[in-house]
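Hi,

Here is the structure I promised to pass on.

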Amino acid sequence: MYRKVFSLLVFLTGLVFLVSCTNRTTTISGTIDKQTKLLYSNPDLAVCFDNFLDTLVPDDQGRFELKFNLKEGRFMILKMPDSRNKYFIPVLPGEHYEISIGKNNEFSVDGANKEGIALYQSVLNHDPYTMKWSIFENDTLSCDEMIKKIKRGELAKFKKLLDDKEITSSFYKLINDDRDCFYAFVAAWLNLWDMLAIYRRPETDESILTEKNTMKQLQNIFDRYKPDDKDFIKSPSWTEYALFMYTEIYLQYLKKHIDRDRIESLIDPEQHFSFWFEQTKQSFSGNRLESALALLIYRKGSEVESSIPAYRYFKEKYPASPYLNYFEEQMNETIELYTGNKSDPSIRFTENSDSINSLSALISRFKGKKLYVDVWATWCAPCRKEFQYKDSLEIILEQHDITPLYISLDNENQNKKWKALVYANHLKGFHFRANQAFIDDLKLYWGGEKGKKSFLIPWYMFIDENGNILEKHARRPSEIVATKRLSD
């Protein structure tokens, strides 16, 4: 009798294990505005990253359906084209989810763990447009104490849903792992900004001690919440935590791969790409390594020639990688650019640009053309973030017979990097790289105050066909695309 019971238990345990390791079909279906396409994160990728998105076109009634096989829970991103709004959907194997997204971005969900999915839309997630770091500042509590307090408050709400049987334990674990990853990112970010402040000050005995203590805190974060954790890669925060915070910044401090006198070059791919590539290979394993290498090449590869060996290494190591669909074309263009074979008639660089020392002199070259001016730089992340809207922006500008003019503030030694990014982002229109005299002249236009010493980028202007500035501070591409209007 005992043997029979024991054999049955072994059989049932094996069956549970087999079921848990078997792919099961998960379905996300629903309705959206029938005029709108739906962008969604590729479920075949281990990482949940909001630029690795595919497109789904709904039917005439606005209905859509996604079916994919999962072995374990993960996060999916749903997003409308040209919208900053995105929805993170924690999904489990074998479940069905019914989603509705209204014309004004009203969101609702039905299906397994629906209360937990709805609640997740309200938790903190990093977004460079909306993240308010000031919430971690408090007169009586330290940043670390505030992080713990806010994290506990979020998890308590999910724990109540678990206790009330509104969500399952596997769903709760998925959320818990994600919150660990996100708040590890927050803690690392705040400490690394402290390091930046230390490096900007003169080196003293006190600053050396402060640096040592801050590095110890960072080490504790990365030891406790390991960037290579197989559960963390499911989190939408993993890219910022593992790749940006750990590989691209922390390891540079740790291994002294930075110049204290040029601290602003901390995230310059020109100087650090090869270092990041080698550190990524050493720091990650399994699907985390493939994902981290793909993200590094996608995010930084089009900027520097040193990314080409990394790209070739990736293709040899992962010849059938689904990640290649997202950066193979741009890396081939990068190779063409650096081998001198790149040309595109829709992208035109201003000739004899060194002789142009003022905005009026530049505009005079485009007499008869209405211009949308984009002042940017390769090192400006918000500037480059706006490039994701350029396809829709080009359509709107073309309807109004307006030509894009991009003014780069990069130095002459960044010339190749500047052109590489222009081609990688397919920025159709005219391109001009400003010299120092031009930049000094441009400062006079920001606030209309003579002697104004600085201005902010990205900066956009509308100029009419006679060379007059119609709008000195025009809307951003994201705002134009969202409203389908050039101005108020």
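Before the rest, some housekeeping. This is a predicted model, so to speak of local features we need pLDDT of at least 70, side-chain atom pairs count only at pLDDT 80 or more, and totals for chains, interfaces and linings use all residues. Residues are numbered from 1 along each chain as its sequence is written, and side-chain values use heavy atoms, with hydrogens and water left out.

**Sheets**

Strands here are DSSP runs of E with at least two residues, helices are runs of H or I with at least four, and both are numbered from the N terminus. Two strands count as paired if DSSP finds at least two bridges between them.

The pair I opened with sits in an open sheet of 6 strands, ordered β9-β12-β11-β10-β13-β14, with mixed pairing. Its edge strands are β9 (347-349) and β14 (469-471), and each of them pairs on one side only. On average, neighbouring strands in this sheet are turned by 30° against each other, direction ignored (axes are lines fitted to C-alpha atoms, for helices over the stretch in contact, and angles run from 0 to 180 degrees between N-to-C directions). Strands β11 (residues 402-408) and β12 (residues 429-433) run parallel and are joined by 4 bridges.

There is also an open sheet of 4 strands, again with mixed pairing, in the order β4-β1-β7-β8. At its edges stand β4 (63-70) and β8 (107-111); each has a single partner strand, so one side of each has no neighbour in the sheet. β1 (residues 24-32) pairs with β4 in the antiparallel sense over 8 bridges, and Arg24 has Leu70 of β4 as its bridge partner. β7 (residues 96-101) and β8 are antiparallel too, over 5 bridges, with Ser100 partnered by Ser108. The β7 and β8 hairpin has 5 residues between the strands, and Asn105 takes a positive phi near 70° there.

**Cysteines**

How many disulfides does a search of the whole structure find? It finds 1, counting as a disulfide a pair of cysteine sulfur atoms within 2.5 Å. Cys380 and Cys383 form it, with their sulfur atoms 2.2 Å apart. The link is right-handed, with 80° about the S-S bond. Cys380 is buried at 5% relative accessible area, and Cys383 is buried at 0% (buried is under 20%, exposed over 50%, partly exposed in between, with a 1.4 Å probe and protein chains only).

Cys48 is in no disulfide, and the nearest cysteine sulfur, in Cys181, is 11 Å away. Cys48 is buried, at 1%. Cys143 is partly exposed, at 33%, and its sulfur is 19 Å from the closest cysteine sulfur, in Cys181, which is too far for a bond.

Points are joined across faces, edges and corners, and the volume is the space filled by probe spheres set on them.) Helix α16 (residues 477-483) gives the largest share of the lining, 5 residues.

Cheers
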